[in-house]
Amino acid sequence: MLVMGEVHTGLLQNSGEIPESTCRDVLQLLSGERVRVSRRPIVYAVSPDLLTGVDCRLPSASQSRIRGAGTVLSRSSITGGRVVQGSSYTRIERSGSDRRQPWSHYLARPGVVEVLGKVKSRDLADGFAEDPPADGLDLGAISARFLDVVQSSPLLDRRAPFKIARTRLRWVAEQGEPAIRFTLHSEQMRTVRLVHTGEFTPAVADLCEDLALHDWLLTALLVIIERARIGGTPGPEAAVKLAPAVDHLLHLWMPSARVDDVLSAYWESLDRRPGFTRQWQSLVDRVRDQLAVHTLAFLREKSGGGAR
Amino acid sequence: MTSVNATFGEVAAERRIASAPLSHVSIELGHLYMEDFEAGPERLREQFRRVAPWAGTVRSSWQDRVPGGRARVSTCFLIDDYFSRFSTPAELVPMVLEAAADCDLTIDYIARESACAVSDGVELARLVEDRLVNDPPPDTNGSRPPVKESGWLCNGARSPQVGTVQAMGKANRWAPPLQNAKRGHSIFVDVELWDENGGKRTWSCPFLAAVWQLLRLGLLRTDGRLPLRPVMREDAFPDDWESLPAVMQLNPAAAPFSAYTTLSVLSPRFLPVELAVRTILSQVAVDGDVLRQVVARSGGEGIRLEEELVDRISYVFA
């Protein structure tokens with residue numbers, strides 16, 4: 001019927017980026033299951049999928065009381081040894097019955113929540129994308145725990161190079177004519193409404209995680225530039241404040257790196273408007289220009305000092 | 001210029017899941033405890049005499065179901081070497097085989113119960129414990145971590161603790177526990193999974209029996225591999241239990257150890273244990289890829305398997 005998900009993205013609580021082997025250890029959340037790692041074009045490590053059982057109210061734009069039961073699929077991932085994500089999603093499906101089934105019924109359908117009773121797909125999707133009820137399905141809390149479990153690993157030194165808030169991206173995917181809408185709500189909150197042709201595949205969740213990652217990178221870079229108060233603070237000071245961006249962020253921009261070919265058109269359309277990569281590139285140029293200007297000034301000062 | 005279709009793969013990024021050879025049904029002919037052994041071979045013969053007709057019935061019903069009557073049926077026998085150690089394989093195994101043969105039964109595989117806890121360095125019981133996804137009571141929306149009583153698993157919501165004081169100073173009154181998917185009235189079950197003494201964990205009998213069922217259903221994997229494979233018997237049986245393979249194949253012509261379905265023929269005194277086993281198995285999340293693999297295999301043979309794994313397990317209490 002539809003799929004709901006939420007991705008939380010944050011800076012790994014470690015002074016430097018962590019190597020692939022540490023990523024594996026940090027993400028080893030399930031015994032007997034390997035952490036999957038891909039190295040091209042950027043190191044990306046992901047934990048095994050884990051399930052959380054739920055039996056609760058589902059969001060509804062019309063405020064109807066809709067109950068669903070089943071499991072939510074979640075995972076933690078680390079990109080470039082630097083950015084951590086906690087991601088959860090569940091497929092909402094109609095149940096053949098109005099009764100809550102024995103739990104084994106739901107475990108035979110991992111990652112599916114079945115609606116008990118009648119429901120309109122649009123009502124659910126609108127309810128989830130806008131403002132889900134407090135006592136309703138809380139994918140945000142589940143994703144936050146999958147991010148926390150990584151951040152609290154004893155293998156991390158908890159000395160992040162700069163402070164930056166987590167972002168949350170809530171997404172709903174439905175079947176139909178391909179479309180995507182990305183909305184910024186607040187400093188931390190974003191929503192994505194995505195319409196795909198054919199059956200849902202986990203590749204859609206991968207796409208949303210990739211969007212969340214790049215939106216976070218963009219947000220983080222904007223924050224760093226804002227904090228540097230270019231023009232308002234002396235050059236050397238601004239340069240010092242911009243340095244973490246160079247050390248930790250600039251090399252991480254790899255849009256669509258893990259996105260299925262079938263879905264890359266969604267990225268491309270978002271890249272045309274609003275133009276994530278364009279904005280990223282202009283910010284990167286700004287950081288580099290500032291550092292270049294500062295270096296020139298520094299060299300001039302040094303050579304001037306030597307002549308005296 | 002023509003476009004080029006490039007593919008790039010990374011082994012470490014892909015999941016590979018081994019597939020288990022599978023029979024149609026795995027029949028457990030018995031489960032031997034120390035007290036049975038102490039009662040002597042006559043007790044064993046008595047048990048096998050009771051089991052034989054049921055095993056025959058299941059075998060022929062599968063032969064009717066499978067085209068050409070080529071049903072793959074394997075039999076197994078579990079010996080408890082976990083809760084109590086007695087005798088030696090060299091003494092005990094031949095006695096069991098003889099008693100079975102007296103009742104025209106063939107035991108294809110013999111297994112040690114302790115293998116369900118640890119086998120070849122793989123902690124199978126831990127593996128299964130890690131895959132428990134608790135049955136959520138109503139109003140579980142994910143906002144808090146699942147409520148878990150360490151070492152216990154239930155099928156609903158427990159009674160609030162009597163005598164504890166709430167915020168307003170009112171003592172909690174007793175309220176009944178509730179089964180989650182009850183039909184009218186609750187049958188609340190709370191199962192002890194393990195206990196610990198001096199840092200040493202002892203798994204409960206129902207928990208090991210749940211692992212045993214999962215092994216027989218071929219649904220466990222560790223790093224994508226099968227956690228144990230039956231080892232063909234040698235001429236002589238060893239003098240200590242550790243030297244006996246976790247699962248030993250006694251009959252060279254046997255059908256595979258694991259199967260689409262299982263049948264256990266047990267004494268009615270095991271009924272509470274098996275209720276506990278079902279309570280546990282109802283909350284084990286088997287890997288989705290493994291589930292699909294088994295469904296595809298059985299579908300290829302024209303067999304429709306029950307969706308829920310607890311429905312692939314049947315019992316005769318006789």
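Modeller: Gladly! Let's begin with burial: a residue is buried at under 20% relative accessible area, exposed at over 50% and partly exposed in between, using a 1.4 Å probe and protein chains only. In helix H7(B), the buried residues are B:Gly288, B:Val290, B:Leu291, B:Gln293, B:Val294 and B:Ser298. This is a predicted model, where local features need pLDDT of at least 70, side-chain atom pairs count only at pLDDT 80 or more, and totals for chains, interfaces and linings use all residues. Residues are numbered from 1 along each chain as written, chains are lettered from A and ligands numbered from 1 in written order, and side-chain values use heavy atoms, without hydrogens or water.

Colleague: What do the buried residues of H7(B) pack against?

Modeller: Contact means heavy atoms within 4.5 Å. Helices (H or I, at least four residues) and strands (E, at least two) are DSSP runs, numbered from the N terminus. The buried residues of H7(B) pack against strand E12 (259–266) of chain B and also helix H2 (103–107) of chain A.

Colleague: How far does H7 of chain B reach from its first C-alpha to its last?

Modeller: The expected span is 1.5 Å times one less than the number of residues. H7 covers residues 288–300 of chain B, 13 residues, and reaches 18 Å, close to the 18 Å expected.

Colleague: And what is found at the two ends of the helix?

Modeller: At the start of H7(B), a side-chain oxygen of B:Asp287 comes to within 2.8 Å of the backbone nitrogen of B:Asp289. Following H7(B) is B:Gly302, with a positive phi near 75°.

Colleague: How many helices and strands are there in chain B?

Modeller: Chain B has 7 helices and 13 strands, and buried residues make up 50% of its 318 residues.

Conventions:
Polar contact = N/O pair within 3.5 Å; in protein donor to acceptor, adjacent residues only side chain to side chain.
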